[in-house]
Amino acid sequence: MCGIVGYVGSRSALDLLVPGLERLEYRGYDSAGVALAEPEGIRIVRKAGRIADLERVLQGEPMPAATVGMGHTRWATHGAPTTSNAHPHRDCTGRVAVVHNGIIENWAELKAELVGNGHVFASDTDTEVVAHLVEELADLPLEEAVRQVMRRAEGALALVVIRADEPDVVVGARRGSPLVVGLGEGENFLASDIPAFLAYTRRMAVLEDDRVVRLDADTATITDLDGNPVAVQERHVEWDLEAAEKGGYPTFMLKEIYEQPQAIADTLRGRFDQAGRVRLRELELSDDVLRAVDKVFVVACGTSYHAAMMAKYAIERWTRLPTEIDIASEFRYRDPVLDDRTLVIGISQSGETADTLAAIRYAKAQGSVVVGVSNVVDSSLAREADAVLYTRAGPEIGVAATKTFTTQLVALQLFGLHLARARGSLDDGAIELLTSGIRALPDQVRRVLELDGEIAEMASRWAGTRDFFFLGRSGDFPVAMEGALKLKEIAYVRAEGYPAGEMKHGPIALIEPGVVVVGVATDSHVRQKTFANMEEMRARGGEIFMVVEEGDEAARKVADHAIAVPAAPDLVCTVTAVVPLQLLAYHIATERGFDVDKPRNLAKTVTVE
Ligand code: AGP
C-alpha cells in the first residue's frame, strides 16, 4: 500500500501535492517524493522517511513553479525503504516519471528485457520498469504508451505517469490498487484516496480496473486498454475530511478489518508459478537448505504468537518436521536446544518487537537458519533474518492487529507449502487442495464481512457481559486465543482463550449462567469433539456462540447462536474463522464506548523487554 497523487491545473502543483501526500500518509511512510513537469525536463525530489523529511529537503531546494506534477508516499513492498528506491522513478532520459502503488509480478522478466535493450536501472523497485517501458514508446502519445504498459505488466498497478514532452498532461491507470479522479474547475487530480484532493473539490470519479485516464486542466478522458472511450461516472463526496481519511469508516480498526480481502490478495500476489504451485522466490533459501532442516521453532509475541500457533500445526501436518513454538520473551531465557539444522521462524508485523528480535539473535548465534515474517520492509527482523517473507498488509494504524494477523496466517501457510514441496512431504493432490483453498480466501473473507450486521446484533446483546471463554481445538485453538485477545485489548473484558478439551481439568468450574462461551469448530479432525465440549459448557449454564463452517448443521444443535464461514481446508479456515471474532470484539468495544484505535495501556510496537 502506498499513496499517490497527481495534479494538473493552474496553481503551483507543489503546494497541492505535499498536503495531498500528508493526507495519504496513513497508506505508507517509508519514503516520499514529488515530480514536477516542465518542457525542459522533469524535476524530482525524493527522500527516505516521512513526508516531513521530504518537506525539509524541499525547503532547501529551488523548485520550478510547475502546474503539473505528482507525488508518492511509500510503503515498501519491493526494495529497501531508501531514497534511491523512493518514488517517483524516472527513465534513462529523465523525461518520464512514474509513481506506482501495487506489485508488478512480472517485473523481473520485464527488467531483464529492458536491460538487454540497454536501459540502466537506478533502483531495486519493480516500479522502475514502467518508466523504461514508457521510454521505449516515446513515439506514442503518453496515454497510448501507458495503455501498452498496462497490457504487458501483470499484477496490481495504480500508476501516475508524466512526460516532459507532454508537460500539460497527467496519465493514470489502474488494476487492483485504488485510483480516484478529482474533477475540479480548471484543474484535475488523481489520487489513491479522496482525502488527497477533498480540500479542492468534492466531484470525483472512481477509476475501474484496466482503465487509463488522461487529465489536462480542463478534461478527464477515460479509456479501456484498447483505447475505447469509457463514460466518466461522476460522484459527489459527502464525507468530511476526517471521515474520508478513514475511507468513510468510523475507525481505522474497522477499515483495516474490511481491508482484509485486498490485503490477503496482495499477500498472495506473485507467489505462485505458472502451474499454480507456491513459489517463494524472494526467500532465497535453497531447497537443499530446507531439506537439511530437522526441527523448527516459531517465536513471536501477542497476536503474532497466535499466527505461530497455526504455523506449528501447518508445518507439522504438511512437512512432518517436529515444530515447537515459543512466546519470544520465554524463548530467550529458557536455553532452547538449537543447532545449524534448526529452522527458526520469527514473526512480527512491525519487525521491531524487542523480545522477538532478541529471540532470533539468539537463534542466529546458535547457527540456526532464521526466517522472518514481517509486514514492514527492511525492519530490524527483516534485516537480521537469513530470509524474509513479507505479509504486504499495508500500514496498520489501529493498535489491535487485524489485517496483519490474517496476512501472517496466509504467508505462513504459503511457507508451509513451500517447505512441503521442497521436502516432498505432501502429495500433489494435497498440495493442490490446500493451494486452491488459500487462493479462495480473499473472496471468502469478503463473504464473511457481509455477516457484520448479524455479529453486531450479538455484540449489543453481550455489551455488558463480564466473562467470556473462547474455546477451540487444533487449528481452531489459535483462532480462539486471538478472539479472546482482541476482546481483552479493545473492550477491556475478561476473556480467556483455552483449548476446548482442557476445560474439564479445571476452568469449567467458572462456567455458570451469564458466562458467554465462544466455540470455534472448523477443523474437521476435531469438530465433533469440540461440539461435545461445548455441550459440557451449555450444561453448566454457559451461553454458547459458535463459529462453524457453512452447511454444518450439527453445530446448530449445540449453539445458542452460530455464525457460518465458508468451508475451507483445515488450517486454511483459520483465516476466515477469525474475522467474526475481530468484528465481535470491535462491536462490543464500541458499544461500551471505547476508542478501539488507541486502547488504554497499549503501544502498537513494543520495543522494550
Ligand atoms: C495485537 O493486537 C497486539 N497489539 C500485540 O499483541 C502485538 O501482536 C504484539 O505486540 C506483537 O507485535 P509484532 O507483531 O509487531 O511483533
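These are my notebook entries on what I looked up in this structure.

**Ground rules**

I am working with a predicted model, where local features need pLDDT of at least 70, side-chain atom pairs count only at pLDDT 80 or more, and totals for chains, interfaces and linings use all residues. Residues are numbered from 1 along each chain as its sequence is written, and side-chain values use heavy atoms, with hydrogens and water left out.

**Entry: aromatic rings**

I began with ring pairs. For these, rings of Phe, Tyr and Trp (its six-membered ring) pair if their centres lie within 6.5 Å; planes under 30 degrees apart count as stacked, over 60 as edge-to-face and the rest as tilted. I get 11 aromatic pairs by this rule. I looked up Tyr7 and Phe189: their ring centres are 5.2 Å apart and their planes sit at 55 degrees, so I noted the pair as tilted. Tyr7 is in strand S1 (residues 3–8) and Phe189 in strand S10 (residues 188–191), so the pair links distant parts of the chain, 182 residues apart. My helices (H or I, at least four residues) and strands (E, at least two) are DSSP runs, numbered from the N terminus.

Are Tyr7 and Phe189 buried or exposed? Both are buried. I use buried for under 20% relative accessible area, exposed for over 50% and partly exposed for in between (1.4 Å probe, protein chains only). Ring pairs also link Tyr7 and Phe189 with Phe197 and Tyr200 into a cluster.

Next I checked Trp462 and Phe545. Their ring centres are 5.6 Å apart with planes at 45 degrees, so this pair is tilted. Trp462 lies in the loop between helix H17 (452–461) and strand S21 (467–472), and Phe545 lies in strand S24 (residues 543–549), so the pair ties together parts that are 83 residues apart in sequence. Trp462 is buried at a relative accessible area of 1%, and Phe545 counts as buried at 0%.

**Entry: charges over rings**

I then looked for charges over rings (NZ of Lys or CZ of Arg within 6 Å of the ring centre and within 35 degrees of the ring normal). Arg50 lies over the face of Tyr29, at 4.3 Å from the ring centre. Arg600 lies over the face of Tyr492, at 3.8 Å from the ring centre.

For sheets, two strands pair if DSSP finds at least two bridges between them. I traced an open sheet of 8 strands in the order S3-S2-S4-S1-S10-S9-S11-S15, with antiparallel pairing. Which are the edge strands? They are strand S3 (41–48) and strand S15 (235–236), and each pairs on one side only. S15 is joined to strand S11 (residues 203–206) by 2 bridges, the two running antiparallel; Met204 has Arg235 in S15 as its bridge partner.

Helix H2 (residues 51–59) lies across strand S2 (31–38), S3 and strand S4 (68–74), and runs at about 130 degrees to S3.

How many residues of strand S6 (residues 96–104) are buried? I find 9 of the 9, so S6 is largely enclosed by the rest of the structure. Strand S5 (residues 89–90) pairs with S6 in the antiparallel sense over 2 bridges, and Arg90 has Ala97 in S6 as its bridge partner. S5 and S6 form a hairpin with 5 residues between them, and Gly94 in the turn has a positive phi of about 75 degrees. S6 also pairs with strand S7 (residues 155–163), antiparallel over 9 bridges; there His100 stands opposite Leu159.

**Entry: strands S19 and S20**

Strand S19 (residues 369–374) pairs with S20 in the parallel sense over 4 bridges, and Gly372 stands opposite Val388 in S20. Both faces of strand S20 (residues 387–390) are covered: Ala387 and Leu389 are on one side, Val388 and Tyr390 on the other, and all are buried.

**Entry: Pro141**

Last, I looked up Pro141, which is in the loop between helix H4 (128–136) and helix H5 (142–152). Pro141 is partly exposed, with a relative accessible area of 47%. What does Pro141 touch, not counting residues up to four places away in sequence? Pro141 touches Arg163 and Glu166, where contact means heavy atoms within 4.5 Å. Pro141 and Asp165 are 24 residues apart in sequence, and 9.3 Å apart in space, C-alpha to C-alpha.

Key:
Axes are lines fitted to C-alpha atoms, for helices over the stretch in contact, and angles run from 0 to 180 degrees between N-to-C directions.
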